[in-house]
Amino acid sequence: MNGTVYKSTGSWYTVKSSDGEFYECRIKGKFRTQGIKSTNPVAVGDMVEFHLENIGDETIGVISEIGERKNYIVRRSVKLSKQTHIIASNLDQVFLLVTLNNPPTFTSFIDRFLVTSEAYDIPVVLLFNKMDSYLEEEKFEVQWLMDLYTKIGYKCIAIEAKQGKNVDKVKELMLGATSMFAGHSGVGKSTLVNALETGLELKTAEISEQHMQGQHTTTFAEMYDLSFDARIIDTPGIKGFGIVDMDKYEIGDYFPEFFELKSECKFNNCLHLDEPKCAVKEALENDEVAASRYRSYVQMVTGDEDNPYRER
């Protein structure tokens, strides 16, 4: 039988079969995922093959194969560990909720999130929430940010989750797709999800992401079917995604506007730092590349990406 993994608890997996039935499944024996050093071989969103076995009075599913993943996101399983934990796979998009204040979302956090998404091949939509709470000059700042990221190629939508403003635009993008919502604690993820689907109580709001930081906490994602032909993956306690095993020479490739200029740099392996005749530095001087983006890039390349709370 074929199905999709909707929930993982580490040893048991809830799989929805192609005929719409849910089965509790296990993995048989050793199970290796090619090329990924992961603490969990099967993740939410995985397409799997399984068969049913009767054990006493119980019927359980046994997963025998995982389909090829079109993408996946990971986090380090323990602070100093080289192993990773796959959070979810086969995502169509991630919605990153951004608030100017209460709480502030700094551009360094947005950029780190976008770079990691590019690396994992996951499209991102930026949702600028709480528009109704901003003063006039703050609205100008949000518009400036939206223009900046739209120019790079990211879809941006200004929303008011509490009032339901532009929630229909989000809904439209979610049709027939598997989506995930991310952002700092307090940006309005739960409010938005409840505006999309009343009564779907996700765990997101209950978990203090500050409390989760720097701890080895096992968190399990779960997928939900929504009433309007959409699926949402809830990942409690995930504070963005960290940059995992990324070579400093490839980081620039995940900034689309830098990648576009790369061939014009004098050196093939240009790091866009102190090298002569660097097209990215020239574009920066001519205001063709945003200073905030370049600052984020330097933080990542020099290894300071662990602190997303930098100047906006």
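**Notes on a helix and on salt bridges**

1. K70 is partly exposed, its relative accessible area being 47%, and the model in which this value was computed is a predicted one. The residue forms a salt bridge with D92, in which the closest N and O atoms are 2.5 Å apart. This pair links distant parts of the chain, since K70 lies in the loop between strand 5 and strand 6 while D92 lies in the loop between strand 7 (84–89) and strand 8 (93–98), 22 residues apart. D92 is likewise partly exposed, with a relative accessible area of 26%.

2. R69 forms a salt bridge with D46, and here the closest N and O atoms are 2.7 Å apart. Because R69 sits in the loop between strand 5 (58–66) and strand 6 (72–76), and D46 in the loop between strand 3 (22–27) and strand 4 (47–55), the pair ties together parts that are 23 residues apart in sequence. Both R69 and D46 are buried, whereas K70 is partly exposed.

3. R293 forms a salt bridge with D111, with 2.9 Å between the closest N and O atoms. R293 belongs to helix 9 and D111 to helix 1, so the pair ties together parts that are 182 residues apart in sequence. Both of these residues, R293 and D111, are buried, and together with E257 they are linked in a network of salt bridges. A search of the whole structure finds 7 salt bridges.

4. Helix 2, which runs over residues 136–152, has 17 residues and reaches 25 Å from its first C-alpha to its last, close to the 24 Å expected at 1.5 Å a residue. Its buried residues are E138, V142, L145, M146, L148, Y149 and I152. Seen down the axis of helix 2, the buried residues fall within an arc of 160°, so they line one face of the helix. On the other side of helix 2, the residues E136, E137, F140 and K151 are exposed.

5. Against which elements do the buried residues of helix 2 pack? They pack against helix 1 (107–119), strand 9 (124–128), strand 10 (155–158), helix 7 (256–261) and helix 9 (291–301). Of these elements, helix 1 and helix 9 also carry the residues of the pair described in point 3, namely D111 in helix 1 and R293 in helix 9.

6. A backbone detail may also be checked in the model: just after helix 2, G153 takes a positive phi of about 125°.

Notes: Residues are numbered from 1 along each chain as its sequence is written. This is a predicted model: local features need pLDDT of at least 70, side-chain atom pairs count only at pLDDT 80 or more; totals for chains, interfaces and linings use all residues. Side-chain values use heavy atoms; hydrogens and water are left out. Helices (H or I, at least four residues) and strands (E, at least two) are DSSP runs, numbered from the N terminus. The expected span of a helix is 1.5 Å times one less than its number of residues. Buried means under 20% relative accessible area, exposed over 50%, partly exposed in between (1.4 Å probe, protein chains only). The arc is that of the directions from the helix axis to the C-beta atoms. Contact means heavy atoms within 4.5 Å. A salt bridge is a side-chain nitrogen of Lys or Arg within 4 Å of a carboxyl oxygen of Asp or Glu.
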